[in-house]
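Take a look at the structure below.

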Amino acid sequence: MPRPRLTVLSGPSGVGKSTVVAELRRSHPEVWLSVSVTTRKPRPGEQHGVEYFFAGNDEFDGLVASGELLEWAEFAGNRYGTPRGPVLEKLAAGVPTLLEIDLQGARQVRTTMPDALLVFLAPPSWEELERRLRGRGTEPPDVIARRLEMGRVELAAEKEFDLTIVNTSVKDVCHRLITLMGNSPS
Ligand SMILES: Nc1ncnc2c1ncn2[C@@H]1O[C@H](COP(=O)(O)OP(=O)(O)OP(=O)(O)O)[C@@H](O)[C@H]1O
Ligand SMILES: Nc1nc2c(ncn2[C@@H]2O[C@H](COP(=O)(O)O)[C@@H](O)[C@H]2O)c(=O)[nH]1
C-alpha cells in the first residue's frame, strides 16, 4: 500500500477551513487532523486539545527553541505551530494526515516536506469571504480588517499551491479532499 501523503489545507481567513476540518472530523475519522498550538485565546466553545492546544508565550517560545514544531508562524498578532512528533508518527503508521495552516506555514512545509500536497481553499468571491468573516462574529472590527489584509496576500499566493478548491459547499470540499487523500468518500 502506498504511504499516505501529508496534505496541507490553506486559504484566507474566513474561507471555511475550520468548518471543513470539523466536517471531516465528523464524517471521516480515519483521517488524522493535526491539532496546532496557538497563543491565541480560545473562542467560545473551543476546547483545549480539540481545536487547538492553547499556550502562553513562554510555552510557545520553548516549543520553538526545542525544535518541537514542524512549522510555525505569526498570524494577525498570534502565533501558531504544528507539533512535529505526532505528524511524523501518523505518517509513519500509514495514517492520512491533514494540516490546516496559513500561507507562511504552507511555504515551510513545501520546503521541509516536498512530497506534501498543498491545497488552497478559495472563496466563491471576495464579497463572500468578507461576509463569512464578519458573519462569524468572533473578532472585533480591527482584527477583521487585519485578517482581510492578510487574506489579500494569501489570495495572491494561490498559484504556489498544487491545486485550488472553491468552498461553495463544505460537503463538496470534503468529498474532493478525501478523494485527493486516497480515501473513499462517504
Ligand atoms: N461553504 C460555506 N458556505 C457558507 N458559509 C460557510 C461555508 N464554509 C464556511 N462558512 C462559514 O464561514 C465562516 C468562517 O468559516 P471558518 O471559521 O471555518 O473559516 P476559516 O477559514 O477557518 O477562518 P480562520 O482562518 O479565520 O480560522 C463560518 O461562520 C462558517 O460557518
Ligand atoms: N502556520 C500555521 N498556521 C496555523 C496553524 N494553525 C492554524 N493556523 C492558521 O492560523 C490562521 C488563524 O487561525 P484562527 O483559528 O485564529 O482563525 C488560519 O489561517 C489558520 O489556518 C499552524 O499550526 N501553523
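Begin with D102: a polar atom of its side chain lies 2.7 Å from a nitrogen atom of ligand 2. That is a polar contact, meaning a pair of N or O atoms within 3.5 Å; within protein, one must be able to donate a hydrogen and the other to accept it, and residues adjacent in sequence count only if both atoms are side-chain atoms. The protein covers 97% of the 520 Å² of accessible area that ligand 2 has on its own. Such areas come from the Shrake-Rupley method with a 1.4 Å probe, and for residues only the protein chains shown count as cover.

A word on the model. It is predicted, so local features need pLDDT of at least 70 and side-chain atom pairs count only at pLDDT 80 or more, while totals for chains, interfaces and linings use all residues. Residues are numbered from 1 along each chain as its sequence is written, chains are lettered from A and ligands numbered from 1 in the order in which they are written, and side-chain values use heavy atoms, with hydrogens and water left out.

Back to ligand 2. E71 has a side-chain N or O atom 2.8 Å from a nitrogen atom of the ligand. E100 places a polar side-chain atom 2.6 Å from an oxygen atom of ligand 2. A residue counts as near if one of its heavy atoms lies within 4 Å. Helices (H or I, at least four residues) and strands (E, at least two) are DSSP runs, numbered from the N terminus.

Now turn to ligand 1. Its shell has 14 residues, with S13, K17, S18, T19 and R136 the closest. The side chain of S13 has an N or O atom 2.5 Å from an oxygen atom of ligand 1. For S18, the distance to a ligand oxygen atom is 2.6 Å. R147 brings a polar side-chain atom to 2.8 Å from an oxygen atom of ligand 1. Taken alone, ligand 1 exposes 640 Å², and the protein buries 76% of that. Which helix gives the most to this shell? It is α1, with 3 residues.

Where do the ligands sit? Ligand 2 sits in the largest pocket, and the space taken by ligand 1 is the largest pocket too. A pocket is found on a 1 Å grid over the protein atoms alone, as an open set of points where a 1.4 Å probe fits, with protein on both sides within 12 Å along at least five of seven lines; lining residues have an atom within 4 Å of a point. A molecule sits in a pocket if more than half of its atoms lie within 2 Å of its grid points.

The lining has 38 residues, and K17, S18, R43, Y52 and E100 lie nearest the centre of the pocket. α1 gives the most to this lining, with 6 residues.
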